There are 2 protein chains.
Amino acid sequence: MRYGIDGDRLWARLMAIAQIGATPEGGSCRQALSDPDEAGRALFLDWCGARGYQLRKDRIGNLFLRRAGREAEASPVLIGSHLDTQPTGGRFDGVLGVLAGLEVLETLDDNAVETDRPIELCVWTNEEGCRFQPAMMGSGVACGVLEMETVLAARDHAGTTLAEEIARHGYDQEPGPSLAEAACYIELHIEQGPILEAAGKTIGVVTGGQGIRWYEISIIGEETHAGPVPMALRKDPVPVLMHVIGLVQAIGRTDEAARCTIGRIDLSPGAINVVPGQVAMTVDLRHPDEAVLDAMHRRLVEGLDVLRQRHPDIDLQGRMTWHSPVVTFDRGLIETVRASVRDRGLTFTDIVSGAGHDAFNLARRVPTTMIFVPCRDGISHNPREYAAPSDVAAGANVLLDLTLARSNM
Amino acid sequence: MRYGIDGDRLWARLMAIAQIGATPEGGSCRQALSDPDEAGRALFLDWCGARGYQLRKDRIGNLFLRRAGREAEASPVLIGSHLDTQPTGGRFDGVLGVLAGLEVLETLDDNAVETDRPIELCVWTNEEGCRFQPAMMGSGVACGVLEMETVLAARDHAGTTLAEEIARHGYDQEPGPSLAEAACYIELHIEQGPILEAAGKTIGVVTGGQGIRWYEISIIGEETHAGPVPMALRKDPVPVLMHVIGLVQAIGRTDEAARCTIGRIDLSPGAINVVPGQVAMTVDLRHPDEAVLDAMHRRLVEGLDVLRQRHPDIDLQGRMTWHSPVVTFDRGLIETVRASVRDRGLTFTDIVSGAGHDAFNLARRVPTTMIFVPCRDGISHNPREYAAPSDVAAGANVLLDLTLARSNM
């Protein structure tokens, strides 16, 4: 028997919670552990409370809503996402995964469906990382990727520590975060990119997350006056910058899955009539295949070596500052997503997540996968962020299928 | 009969005045109209007062020290430069031209030489333009290039107006700046570039100043997340930036006299994991031949047009924000410099000034030229700025020859 979620109820709740921290442009601002974030959680807990799900909190502010199963001791199926937003957040990033999870629980209730395993709906604290760094904090601490003591010292721009905000909301009285044994974790999310829309597909079957490597490159020449010094006598780092951009662009053509970004370029001193003495720039390389990402890394390192030899007057240095390995989601869960999508006659395509998600932390501990739905123009972290009601409902139904399948396994 | 300046006296004074506003690294900081600038002028006026030269000031703070001639009504020969420095100034930029001018007057005194024309030693206010913009201010107002009322409203970083500083030092009681009829203007200066040193020459016979054109270029794409969006679907302005750098580099190879500088590149928002939505950059083009500079300008405009057509997804805009025409110095004065240099057996080469100087303003009103001496490694606006005592003396002797020749013409 196939159940179906209530798309209207889900949509109405997405719009209702968006009123908390609503911005003039139609988005929401509920940064982690702020008053609007707490108000959003309170509304969500009101909805949950009406159904009698058992609430558990932890010391980082993660929330777990438990719908009991026939086997009380069985490890639960985890579903969920986050309710915090960027300062210029939209109405779907994170919120969709949480409210679709609630919709799944209620649909099971409404249809009087019992499951073998308990189901726990998770709300992870501070996924966005815009107010307190690092991002994916609540899931990171719960999964042992981050240290509780370290993150408590994080400060926002106003100087407030995370520990102060945790205490202000009373989470400091809760037990320390830890992830109990779980059957699996499943997260529904908007794509935050343009691939599904461009391909005209409703569901993204997420096979994993890109590996990410960050680099800082410095190109040091000699600062001189733009007038007196002939081109041939300059030690101008800008022509080398040009070649580094070309190198990074070439690496970006490795294959269709490669992503290469130069997000920051700083010239020093940065005056119109001064040949800059120094260029500082960043490079972000991503690929879903660690071996290919390794090759991209080598190509960058070797390319910089070649440039260094060609420009002996310029001091060219690059170093990797961060490395997040490729995430591979659970093959069994991915197959179950494909089965659901086929069964419901939805269009779909495999996809690799370019953005980071709480599911990346969970994947280190339990079988995990994600389900993506399209977002208009690929725009996210922006008030214009939008997902069509039919896509939202389709994604929630796939989440329902997956949850039901796994909670009876 | 050939006279010679006192190189030791000149050097001792250069070192003495450098103690006013001395910086730990061995340079001087006497920004225009600051207390150190006034203290430097006071020391200079002490030296002049001992000789009885007639002092005149004007409302922008320019100083004129007059050594009388046999013909009291004859238009004077003007020599000089400026005493203000950059915040990271050296001991020679500007100061050399003023103190060498004083050395010329004193040498004539010491040898009891009378001249037909009076000689006026000029100290121009705020040549550097680092505290109050624009640069070359005192000479600009005196020559009618700048408006007195406009520059009085200029503010420094602390919010102080030029008018307030002018009043604080009592210059507001002086007559308005104006350049009376003059026979000519001659300025000795360090090169502020590496050409003389590289060529192994003592004297630069300055034939004029480069024309300068400034541009602001904006390259607008679409800001996106560095992860989810495939390279082919991005509107990344950085590859276009690469082509603009290449275009400017190519224009820089027009001929040996061309100068092309990209001094500022700003990426917005400038985060490591965000494809920038916008690049803002500057271009500085210079050439001593206005026709060639025109051609360089056209090549930039046409090159941007080609790039615009090749990248229809990117909004590429460029506009010229400032234009300073080519300056051509007086042929007769240049010949007199060459005669002096040959007569003294000094090595020399013709040179075009890449930096701006008060002489550029004077050249609009009276026959003008400049004399350059080498500075070590071409470094200026820096505590490491250095000119050898023998070169300093050689330059001052050429200034003496030129002044003497013109004050008896």
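**Cis peptide bonds**

I began with P269(B), which I found in the loop between β10 and β11 of chain B. The peptide bond that joins S268(B) to P269(B) is cis in this predicted model, and I noted an omega of about 5° for that bond. I then turned to chain A, where Q133(A) and P134(A) are likewise joined by a cis peptide bond, with omega at about 0°. P134(A) sits in the loop that runs between β4 (119-123) and α4 (137-142) of chain A. I marked both bonds for the record since most peptide bonds are trans.

**Confidence**

Before going further I looked up the scores of the prediction. Chain A has an average pLDDT of 96, and 100% of its residues score at least 70. For the model I wrote down an ipTM of 0.81 and a pTM of 0.82.

**Positive phi**

In chain A I looked at N126(A), whose phi is positive at about 50° although the residue is not a glycine. N126(A) lies in the loop between β4 and α4 of chain A, and P134(A) is also placed in the loop between these two elements. Is N126(A) buried or exposed? I counted 30 other C-beta atoms within 10 Å of N126(A), and 20 or more are enough for the term, so this residue is buried.

In chain B I looked at H381(B), another residue that is not glycine, with a positive phi near 55°. H381(B) belongs to the loop between β16 (368-373) and α12 of chain B. H381(B) has 22 C-beta neighbours inside 10 Å and therefore counts as buried.

**Helix pairs in chain B**

For α8(B), residues 238-252, and α9(B), residues 290-310, I read a packing angle of about 155° and axes that are 10 Å apart. An angle over 145 degrees is called roughly antiparallel, so α8(B) and α9(B) are roughly antiparallel to each other. Their crossing is right-handed. On the α8(B) side the contact is made by V240(B), H243(B), V244(B), L247(B) and I251(B), and on the α9(B) side by M296(B), R299(B), L300(B), G303(B) and L307(B). I sorted the residues of this contact into 7 nonpolar, 2 polar and 1 charged.

The other pair I looked up joins α10(B), residues 331-343, and α12(B), residues 389-407, whose axes come within 9 Å and cross at roughly 125°. That angle makes α10(B) oblique to α12(B). The crossing of α10(B) and α12(B) is right-handed. Which residues meet here? From α10(B) I listed T336(B), V337(B), S340(B) and V341(B), and from α12(B) I listed V398(B), D401(B), L402(B) and A405(B). The residues of this contact divide into 5 nonpolar, 2 polar and 1 charged.

**Where the chains touch**

I then went to the contact of the two chains, which takes 48 residues from chain B and 48 residues from chain A. On the chain B side, the elements that each supply at least two residues are α7 (195-199), β8 (224-225), α8, β9 (259-261), β10 (265-268), β11 (274-275) and β12 (278-287). Which of them gives the most? It is α8(B), with 8 residues, the helix that I had already found packed against α9(B). By type, the chain B side divides into 25 nonpolar, 17 polar and 6 charged residues.

**Two buried residues of chain A**

I checked G318(A), whose place is in strand β13 (residues 315-324) of chain A. G318(A) has 20 other C-beta atoms within 10 Å, and 20 or more is the requirement, so it is buried. Leaving out residues up to four places away in sequence, G318(A) touches Y215(A), I217(A) and L304(A). I also noted 9.2 Å between the C-alpha atoms of G318(A) and T282(A), which are 36 residues apart along the chain.

My last entry concerns V337(A), found in helix α10 (residues 331-343) of chain A. V337(A) counts as buried because it has 26 C-beta neighbours inside 10 Å. Not counting residues up to four places away in sequence, its contacts are V205(A), T369(A), I371(A), V398(A) and L402(A).

Note on methods. Residues are numbered from 1 along each chain as its sequence is written. Chains are lettered from A and ligands numbered from 1 in the order in which they are written. This is a predicted model: local features need pLDDT of at least 70, side-chain atom pairs count only at pLDDT 80 or more; totals for chains, interfaces and linings use all residues. pLDDT is the predictor's confidence in each residue, from 0 to 100. Axes are lines fitted to C-alpha atoms, for helices over the stretch in contact, and angles run from 0 to 180 degrees between N-to-C directions. Helices (H or I, at least four residues) and strands (E, at least two) are DSSP runs, numbered from the N terminus. Angles under 35 degrees count as roughly parallel, over 145 as roughly antiparallel, 65 to 115 as roughly perpendicular and the rest as oblique. A crossing is left-handed if the near helix is turned anticlockwise from the far one by less than a right angle, and right-handed if clockwise. Two residues are in contact if their C-beta atoms, placed from the backbone, lie within 7 Å. Ala, Val, Leu, Ile, Met, Phe, Trp, Tyr, Cys and Pro count as nonpolar, Asp, Glu, Lys and Arg as charged, and the others, Gly among them, as polar. A residue is buried if 20 or more other C-beta atoms lie within 10 Å of its own, exposed if 12 or fewer, and partly exposed in between; C-beta atoms are placed from the backbone.
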